[in-house]
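Please keep the sequence and the 3D view at hand while reading.

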Amino acid sequence: MSRIHVAAASAALALLLASCSRPSSLPSELKSEGQRKPAPNFSLKDADGNAVNLTDYRGKVVLVNFWATWCGPCEAEIPWFIEFEKKYKDKGFAVLGVSMDDDGWKSVRPYVASHKINYRVMIGSEVVSQQFGEIESLPTSFVLDREGRIASNHIGLVDKVDYQNEIVKLLEDPKTVAVPGTGAGVFAGLTGAGVRTGQRP
Amino acid sequence: MLPLDLRPGYHVNSNTPSDEYLIPLRLTWNPGPLEASGFAFPQPRMEKYSFSEKPLSVFTGDFQIVTHFKVPANAAAGPATLTGKLRYQACNNSMCLAPKTLDVTQQVEIVK
């Protein structure tokens, strides 16, 4: 009868590499105006096949959330984002969920339905990941001001209240921003109870 | 036997994760001189994490996966190299890393 002998004990495979050791983000404060850099644009398809261009959201406060269906901490944030979308949509806010699932809509479509996600979700790509500084850990989120600049970013799960405080501060920022494609048009921030949303998504 | 070593604070989903969306730990061997006939994973731990309402079926720390191989009758005696792939997806208490697939190699001696 044939037998096998393991010729040499193999060294233990270290499953986590040094490149994967980015620290989780601490509760952050919004970057000052001077520190904010423009978010890279992307054009990705949503579940209906419609193109979602980040620049179309200029004039809104946007939370760009990189996530995946296999990511437990991402799942924990989803109810918060659903709430934010409901609560602040009419004030000029939007959540954009960029899924990093390898199998795309096959996993994401049923997940979006089962979790009753009410914000736009797209399938991300390696290119978009690189544009945002090589997304290695999920969730990773960027909060953009009305001028499309990155006002804060979070790697890993942070407190809901941190997001909420940032969103509210940015929504209440009285600064005005130019609306692309409208010449000299000016987009007003929150003024009293009302917000001008212009021709926004 | 494939020994594995996880960085402290991290876990990988077990081979039988507790949620359909979670990616299981999976070891596969490429066709070669031996045929894998079964795997023995350690008993998973049911761990509760701050991001999850329910405990998750995970592996942490050092552990081993044992593969049972059949030796075909026509297998040549002598040294042989087995190659395969290990797919895993790791998280810590606040974030997850993308799924990875590692090449694994095992040197064996087939004795007649």
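**Overview of the two chains**

Chain B contains zero helices and 11 strands. Chain A, by contrast, has four helices and 13 strands. The model is predicted, and chain A averages a pLDDT of 81.

**Chain B**

- From the N terminus on, the elements of chain B run β-β-β-β-β-β-β-β-β-β-β.
- The C-alpha trace of chain B spans about 55 × 20 × 20 Å along its principal axes.
- Of the 112 residues in chain B, 29% are buried.
- Where contacts in chain B join residues at least 6 apart in sequence, 68% of them link residues at least 24 apart.

- Chain A has 201 residues, of which 36% count as buried.
- Among contacts in chain A with a separation of 6 or more, 71% are between residues 24 or more positions apart.
- A pLDDT of at least 70 is reached by 73% of the residues of chain A.
- The pLDDT is below 50 over residues 6-11 of chain A, a stretch with 11 contacts in the model beyond near neighbours in sequence.
- Residues 17-24 of chain A also have a pLDDT under 50, and the model gives them nine contacts beyond four places in sequence.

**The open sheet of chain A**

- Six strands of chain A form an open sheet with mixed pairing, in the order S3-S11-S10-S6-S7-S8.
- Its edge strands are S3 (37-38) and S8 of chain A, each of which pairs on one side only.
- S6(A) and S7(A) run parallel and are joined by seven bridges. Within this pair, A:Asn65 has A:Gly97 in S7(A) as its bridge partner.
- S6(A) pairs with S10(A) in the antiparallel sense over five bridges, and A:Val62 stands opposite A:Leu144 in S10(A).
- S10(A) also pairs with S11 (residues 149-155) of chain A, again in the antiparallel sense and over five bridges. Here A:Thr140 stands opposite A:Ile155 in S11(A).
- The hairpin of S10(A) and S11(A) has four residues between the strands, and A:Gly148 takes a positive phi near 80° in this hairpin.

**Strand S10 of chain A**

- Strand S10 (residues 140-144) of chain A has five of its five residues buried, so the strand is largely enclosed by the rest of the structure.
- Burial applies to both faces of S10(A): A:Thr140, A:Phe142 and A:Leu144 point one way, A:Ser141 and A:Val143 point the other way, and all are buried.

**The largest nonpolar core**

- The largest nonpolar core has 63 residues, and those with the most contacts inside it are A:Val62, A:Leu63, A:Phe84, A:Leu138, A:Leu144 and A:Ile167.
- Strand S6 (residues 61-67) of chain A supplies the largest share of this core, with six residues.
- A:Leu138 has contacts in both chains: beyond four places in sequence, the residues touched include A:Phe66, A:Trp67, A:Met100, B:Met95 and B:Cys96.

**Helix H1 of chain A**

- Helix H1 (residues 72-88) of chain A lies across S6 and S7 of chain A and runs at about 150° to S7(A).
- A:Tyr88 is found in helix H1 of chain A.
- Leaving aside residues up to four places away in sequence, A:Tyr88 touches A:Phe93, A:Ile167 and A:Leu171.
- A:Tyr88 and A:Ile167 are 79 residues apart in sequence, yet their C-alpha atoms are 8.6 Å apart in space.

**Helix H2 of chain A**

- In helix H2 (residues 105-114) of chain A, the buried residues are A:Val108, A:Tyr111 and A:Val112. These residues lie on the same side of H2(A), because they cover an arc of only 100° around the axis.
- A:Lys106, A:Ala113 and A:Ser114 are exposed on the other side of H2(A).
- The cover over the buried residues of H2(A) includes strands S7 (93-99) and S8 (120-123) of chain A.
- Just after H2(A), A:Lys116 takes a positive phi of about 55°.

Definitions and conventions
Residues numbered from 1 in each chain as written. Chains lettered and ligands numbered in written order. Predicted model: local features only at pLDDT ≥ 70, side-chain atom pairs only at ≥ 80, totals over all residues. Core = buried A, V, L, I, M, F, W, Y, C linked by C-beta atoms within 7 Å. Buried ≥ 20, exposed ≤ 12 C-beta atoms within 10 Å, placed from the backbone. Helix = DSSP H or I, 4+ residues; strand = E, 2+ residues; numbered from the N terminus. Contact = placed C-beta atoms within 7 Å. Arc of directions from axis to C-beta. Pairing = 2+ DSSP bridges. pLDDT = per-residue confidence, 0-100. Axes fitted to C-alpha atoms, helices over the stretch in contact; angles between N-to-C directions.
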